[in-house]
Amino acid sequence: MEKRSSADGATVLIVGAGPAGLVLGNLLLAAGVDCLIVERQSRAHVEQRARAGFLAAETVRVLVDNGLGTGLRARGRQHGTCVFRTERGEFALQYDGLGRGEAHTVYPQQELVTDLVAEFLARGGDLRFDTPVSETGGLDGLDGERPWLVAHRADGTPYRLTGRYVAGCDGRHGVCRRQLPAGAVRSHRRRHGVSWLALLVETPPALPAVTYAVHDRGFAGHMARTPSVTRYYLQCEPGTDPDAWTDAAVWDELDLRMRAERFGPLRRGPVLERAVVDLESDVLDPMQYGRLFLAGDAAGLISPSAAKGANLAVMAAETLARAFAAALHQGDEEPLARYSATCLPRIWRAQEFSHWMIGLLHAPAGDDEESRFLRALRDSRLESLRTSTVQQHSFADNYVGV
Ligand code: APR
């Protein structure tokens, strides 16, 4: 492993201990590259933050092959079927028998993050919690050989960390993406005009599979998390106050849109968390500038319609870890130079599928010409998925792939 310089720092400075930063850090340590991670939040906070939970087979392969899969192998559950409920009835797609024949592993993100933190520390990694990088002037020297960060100790004292490279893994609201000079990077952004009330509910999954309910009152979704916690989604008006939805209102609306009368009741339970998520996409091109490389949500957002966010974060981290190792061990800068070009086709493919999923699950409710047209398209898309095996294979390929 490269020796730490006398000034505080490391060869690769990683900002953010989410899936992207932690996978990158673990892979770098395994490759003998000196790195450190600074994280704004406390360890307890990142280990309890409930987020996504569906891991694609390729993501699981990266984690398992790099010694990061013990927890998910032991406690993750395989899901290979999803169900669509519409006005016409319901149909199931057993996607692990279609397309590439792969299933998802359901493993809550906070458990994955807990495993990744433990493994990074067990590998001797330097992980500094409660250490935010300054919102202004926190990152500099990106054009030179020795970029640096300004981080803050728990008592608020600023100090400098110097490295050879910076990995911006600090999520959608992080500081790193804001350091990119105007004109050096293009942002491709789209607000989809759809919002979901995301609910974490203390109740066992009511249904054996992920279930998407398409309803003229709006989309509703059911996704297993753990044996005692279930994720539900309810499409809501953009700008809705999540606390305006009482538990009773949530369950009544879920029953209605999931058509409980026809398919059986849901298992009610207390709502543990409620938040409104606006479906948004944002892709930065390139994902790098000088000595700064972005990965995960810092490099781009994807709507949660196809649960791709955490998977893209892990894949980018793997690509970046290999590129840093090639530059530092073999003096081969080419993989770093091509980092964005390697990641972006994968990101755009996931964006395209997620966008298609938005059109599969939603359509405007109005009685105007445009709304009626879009509803008919949505229904035709669902019908084609129900009846065409070619369409089902293609769906499976995209649904579980990254
Ligand atoms: N200084 C230090 N750390 C920071 C700063 C800062 N100024 N700003 C943000 N962070 C930290 C956050 O506290 C967070 O822990 O960066 C981390 C970013 O982690 P995530 O938001 O989980 O992003 P990422 O690792 O890219 O994972 C993307 O995981 O959380 C999901 O929805 C997300 O599925 C997506 C995937």
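Strands β9 and β10 (residues 148–152) pair in the antiparallel sense over two bridges; two strands count as paired if DSSP finds at least two bridges between them. Within this pairing, W148 of β10 is the bridge partner of D140. The model is predicted: local features need pLDDT of at least 70, side-chain atom pairs count only at pLDDT 80 or more, and totals for chains, interfaces and linings use all residues. Residues are numbered from 1 along each chain as its sequence is written, and side-chain values use heavy atoms, leaving out hydrogens and water.

**Sheet and secondary structure**
- β9 and β10 belong to an open sheet of three strands, ordered β9-β10-β11, with antiparallel pairing.
- Its edge strands, β9 (139–140) and β11 (158–162), each pair on one side only.
- The protein has twelve helices and 20 strands; these are DSSP runs, H or I of at least four residues for helices and E of at least two for strands, numbered from the N terminus.

**Overall dimensions**
- The radius of gyration, taken over C-alpha atoms, is 22 Å, close to the 21 Å that the globule rule gives for 402 residues, so the protein is as compact as a globular protein of that length.
- That rule is 2.2 Å times the number of residues to the power 0.38.
- The C-alpha atoms fill a box of roughly 70 × 40 × 40 Å along the principal axes.
- Of the 402 residues, 56% count as buried (under 20% relative accessible area, with exposed over 50% and partly exposed in between; 1.4 Å probe, protein chains only).

**Nonpolar cores**
- A nonpolar core is a set of buried Ala, Val, Leu, Ile, Met, Phe, Trp, Tyr and Cys residues joined through side-chain atoms within 4.5 Å.
- The largest has 76 residues, and V12, L24 and F324 have the most contacts inside it.
- Helix α8 (residues 309–330) gives the most to this core, with twelve residues.
- V12 touches, among others, L28, Y165, F324 and L328, not counting residues up to four places away in sequence; contact means heavy atoms within 4.5 Å.

**Aromatic pairs**
- The whole structure holds 18 aromatic pairs; rings of Phe, Tyr and Trp (its six-membered ring) pair if their centres lie within 6.5 Å, with planes under 30 degrees apart stacked, over 60 edge-to-face and the rest tilted.
- Y95 and Y399 pair edge-to-face, at 4.9 Å centre to centre and 85° between the planes.
- Y95 sits in the loop between β6 (89–94) and β7 (104–106), and Y399 in helix α12 (residues 389–400), 304 residues apart.
- Both Y95 and Y399 are buried.
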